[in-house]
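Could you walk me through how the aromatic side chains and the helices fit together in this protein?

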Amino acid sequence: MEDLAIFLSKSLTGWLVIQVCFTLVFIWYLRSSKKYLLPDDQLPKTAVILCLRGADPFLPRCLRSLLNQNYPQYDLKLIVDSHEDPAWKIASETITEQEATNVQISPLRIVRNNCSLKCSSLIQAVRELDDSYKVVALVDADTIVHVNWLRELVSPLADAKVGATTGNRWYVPTGRYWGSLVRYVGNVSTVVQMFIFQIPWGGTLAVKTEVLRQTELLDKWGQALGEDFMMHDILKKHGFQIKFVPSLLIVNREETDLFNLIDYLKRLILFSRLYHPRWLALVSEAVSSILFPTLLIILVLGSLLEAKWEAAAILLGCYSIYTAGLLLIMLVLELEIQRVVRSNDQAIAKLSVATIIRMLIGIPLTQWVYGLAMLSSLWISTVTWRGVSYRVQGPWNIRLVEYRPYQWLDQPIDSKVSL
């Protein structure tokens, strides 16, 4: 038992050092990156594609922000699951309110049986574009963008080596549900990992149309459950880079409870297992950040039961240092992200003492919730999202097993809860 305690203590210390190093690299990138904005006459014509199924909590704000971009030539292409979808009415009303002329709303015409509905929608939207569109930008309905979002997303594509650009989402730690806090804590490390591994986020993603054709990405989308994680290996294979743009860190204020969060995490872990280029690294990270701290707590309890007070104190001290280190990482990153967000005129809640205490409690809770979700995901072969079920037998072997149009009755009671 003593040898195990020493091993766990050293492992946690080492893992904390690694996380600190990753965080410092990420912060250095945030601070050293300069905004590169092309003038109007050099910006290519761009299609912004938004796929909708269900009315996301802040959908009207999302649409208004997309329709008021500081960009000379762009069109917003909305693909809604069906005419009876709640999102259709909201989108139509918002378009009328904004008197927008650069937007087209269409229903999903072909529900493919061998990929996700989102991939079906993306394929439909891209294949309907004419040759005048040189860039395709993807966005999610939970993304409320700032006025220069599209310009900042497209400008780095002027570099011939850059095939795609991306941002990421940043949740707020001030939600009313514990599920919202756990999602925030987990996302802190996810954002850093995605930067380190150059993994794009489909909620803010731009790719050159010539790259889409050259890499045959549409064919891959036609067989897949998700559209973004796979892009790292595909673009790298063809010699293209994925550039993360710091100013495109987008604040997300949606809520979720623990029950819905676990379902979301199981889907996310499944997507990672299928398409993440560094899946084994994620498994190693899970062992280090979930299993080791949990085992350390078990050893503390065991030492207390055996009246080994000194051993319990040492182990508890090690766990406390590790947890305090994680809290410090979160606080430093939160302050850094707030600086980025404020520079884009996005409002974000300030940290209070009560919020920091909740963040501290949320660290072990996040470890246990993520651990439960990871274990649960090992046995799932069917995944359900927004009322649609898919059978998953491999990354390119997806079958739609149950489909029905989304209805108003499917909307959550709490209007701020993620779908």
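## An aromatic cluster

In this predicted model, Phe26, Tyr29, Phe195 and Phe244 come together as one aromatic cluster. Aromatic pairs number 9 in the count. One of them joins Phe26 and Phe244: the ring centres are 6.0 Å apart and the planes meet at 35 degrees, so this pair is tilted. Phe26 belongs to helix H1 (residues 2–32), while Phe244 belongs to strand E7 (residues 241–252), so the pair ties together parts that lie 218 residues apart in sequence. Phe26 and Phe244 are both buried.

Tyr29 and Phe195 make another pair, with 4.9 Å between the ring centres and 45 degrees between the planes, so it too counts as tilted. Here Tyr29 of helix H1 meets Phe195 of helix H6 (residues 178–197), and the pair therefore links parts 166 residues apart in sequence. Tyr29 is buried, as is Phe195.

## Where helix H1 ends

Let's stay with helix H1 for a moment, as Ser32 is also in this helix. Is Ser32 buried, partly exposed or exposed? With a relative accessible area of 32%, Ser32 is partly exposed, because that value falls between the cut-offs of 20% and 50%. The C-alpha atom of Ser32 is 9.8 Å from that of Pro246, although the two residues are 214 residues apart along the chain.

## Charges over rings

Lys45 lies over the face of Tyr133, 4.4 Å from the ring centre. Arg358 places its charged end over the ring of Trp178, at 4.5 Å from the centre.

Helix H12 covers residues 309–343, which makes 35 residues. How far apart should the ends of H12 be? At 1.5 Å a residue, H12 should span 51 Å, and the distance of 51 Å between its end C-alpha atoms agrees with this. Just after H12, Asp345 has a positive phi of about 60 degrees.

H12 packs against helix H13 (residues 353–377) at an angle of about 115 degrees, and the axes are 10 Å apart. The crossing of H12 and H13 is right-handed. On the H12 side, the contact is made by Tyr319, Tyr322, Thr323, Leu326, Leu327, Met330 and Leu331. H13 contributes Ile356, Met359, Leu360, Ile363, Pro364 and Gln367.

How values were computed
Residues are numbered from 1 along each chain as its sequence is written. This is a predicted model: local features need pLDDT of at least 70, side-chain atom pairs count only at pLDDT 80 or more; totals for chains, interfaces and linings use all residues. Side-chain values use heavy atoms; hydrogens and water are left out. Helices (H or I, at least four residues) and strands (E, at least two) are DSSP runs, numbered from the N terminus. The expected span of a helix is 1.5 Å times one less than its number of residues. Rings of Phe, Tyr and Trp (its six-membered ring) pair if their centres lie within 6.5 Å; planes under 30 degrees apart count as stacked, over 60 as edge-to-face and the rest as tilted. Buried means under 20% relative accessible area, exposed over 50%, partly exposed in between (1.4 Å probe, protein chains only). A charge sits over a ring if NZ of Lys or CZ of Arg is within 6 Å of the ring centre and within 35 degrees of the ring normal. Axes are lines fitted to C-alpha atoms, for helices over the stretch in contact, and angles run from 0 to 180 degrees between N-to-C directions. A crossing is left-handed if the near helix is turned anticlockwise from the far one by less than a right angle, and right-handed if clockwise. Contact means heavy atoms within 4.5 Å.
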